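Me: I want to check the labels on this model against their cut-offs. Take me through them one at a time.

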Amino acid sequence: MSDPDIVVVGAGIIGVACALQLARLGRHVVVVDQQAPGRGASYGNAGHLATEQVFPIADVSILKRLPGMLLDPMGPLRLDWKYLPHALPWFLRLLWNLRPASYQRTVAGIRTLNEGSLGAWQRLLHSIGRPQLLREDGSLLVFEQADSRPALEALQRRMQQQQVPVAFWSGDAIRQAAPQLSEHLQGGLFFPGTGHFIDPYHVVCELVQAAKAQGVQFLQREVKDARLEEHGVSLTTDQGALSARQVLIACGAHSAKLTAALTGKKIPLDTERGYHLMLPHEQHRLPFAVTSLERKFIMTPMTDGLRLAGTVEFAGLDRPPNMQRAWQLHRLSKGLFRDDLSARDATPWMGFRPSLPDSLPIIDRVCEGKVLLAFGHQHLGLTQAAVTAEMVRELAGKDQVQSLTPYRLDRF
């Protein structure tokens, strides 16, 4: 194999989407990952095109919640106490970024990406002839307790201030749109500018096929090290060396080591361990994704069932998964429907979401253009994948892209 123009490290949704866009520039692209394409976090995400989520998952209330995060193994936001010494510097930086000015920069940065995400996905899926993989039918945030209404209304006002399309729905309006939901639901917020993917893994597979048709090669190898060369980059893999004029680091939660090797920057990258439970006999229960305000999880209808997801755990890359957290999602669903969901033949899953303490990704071109970066999208990787790929395509041929300022590596 001749040396490629660019090696993409990472075969998740972001790496594959970027590879396709780079190949369309006429570049010879090779994608390298130790797993088959789409088998990491891209396989098990919630499937929600979350353009409404312009606020980071953490706010100042995290200080009050920290004891519960440490003590409740089934809580929606969990910090493994054994991981606390490693995670503490990251959490301190997260708290530092909750200062008003920093927080507003984060919101602006997320909003910019999210506002471009739906259009970018429409363009990408139409370009491969698969627009049906995305259902543009909105999503719903519901509440059950009357005393939750002020918090929901406050959230609605905050979202309106950020120009997020949102409408308040009464309980009757919710049951008219989703008749199987419980009569106890008080109301909710409907987000018309969102949608869901009917099979996130299949989306990756379709993009892989489109990339292969453009000449992209996929290699299943582990990249162990990387270094800059006079005319490009050299990667050391478990099956030999790879050289290229450029490299794109897009391997999610595993990106910090290679970024440090190439740039000398130690990135404060950690992982949100996300769980899901797939219910194969419940694919027709909901017409669109529904999130519970009080129970803090999401339910997304897919081709192969109803996916329950949304839990966050900070425990690093090495600790084994606690699949009871996945099964907890089924327990959380009880009472949200007229009849409880069936967990027959259900399958649990855990994956790693790459998170930076300011909740913004790194999208940049560094090292005299030899190194491109696209990682750290936290729980918005699927949402922002297509727009990130368009930005990376622009970066591949230019030294500077002004709109990327909030996402640059040098902010750390």
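Reply: Start with pairing: two strands pair if DSSP finds at least two bridges between them. Helices (H or I, at least four residues) and strands (E, at least two) are DSSP runs, numbered from the N terminus. This is a predicted model, where local features need pLDDT of at least 70, side-chain atom pairs count only at pLDDT 80 or more, and totals for chains, interfaces and linings use all residues. Residues are numbered from 1 along each chain as its sequence is written, and side-chain values use heavy atoms, with hydrogens and water left out.

Me: What makes β10 and β20 edge strands?

Reply: The open sheet has six strands, ordered β10-β2-β1-β14-β21-β20, with mixed pairing. β10 (217-220) and β20 (362-366) each pair on one side only. That puts them at the edges.

Me: How do you know that β20 pairs with β21?

Reply: Five bridges join β20 to β21 (residues 371-375). The rule asks for at least two. The two strands run antiparallel, and D364 stands opposite L373 in β21.

Me: What packs on the sheet?

Reply: Helix α11 (residues 381-395) does, touching β14 (246-249), β20 and β21. Contact means heavy atoms within 4.5 Å. The direction of α11 makes about 10° with that of β20. Axes are lines fitted to C-alpha atoms, for helices over the stretch in contact, and angles run from 0 to 180 degrees between N-to-C directions.

Me: Why are α1 and α11 called roughly parallel?

Reply: Helix α1 (residues 13-23) packs against α11 at about 30°, with the axes 8 Å apart. Angles under 35 degrees count as roughly parallel, over 145 as roughly antiparallel, 65 to 115 as roughly perpendicular and the rest as oblique. So α1 and α11 are roughly parallel.

Me: Which label do α1 and α8 get?

Reply: Helix α8 (residues 200-213) packs with α1 at about 25°, axes 9 Å apart. This pair is therefore roughly parallel.

Me: Which residues of α1 meet α8, and how do they divide by class?

Reply: I13, V16, A17 and L20 in α1 meet V203, V204, L207, V208, A210 and A211 in α8. The contact has 10 nonpolar, no polar and no charged residues. Ala, Val, Leu, Ile, Met, Phe, Trp, Tyr, Cys and Pro count as nonpolar, Asp, Glu, Lys and Arg as charged, and the others, Gly among them, as polar.

Me: How do you know whether the radius of gyration agrees with a compact globule?

Reply: The radius is taken over C-alpha atoms, and the globule rule is 2.2 Å times the number of residues to the power 0.38. For 412 residues a compact globule would have a value near 22 Å; the protein has 21 Å, so it agrees.
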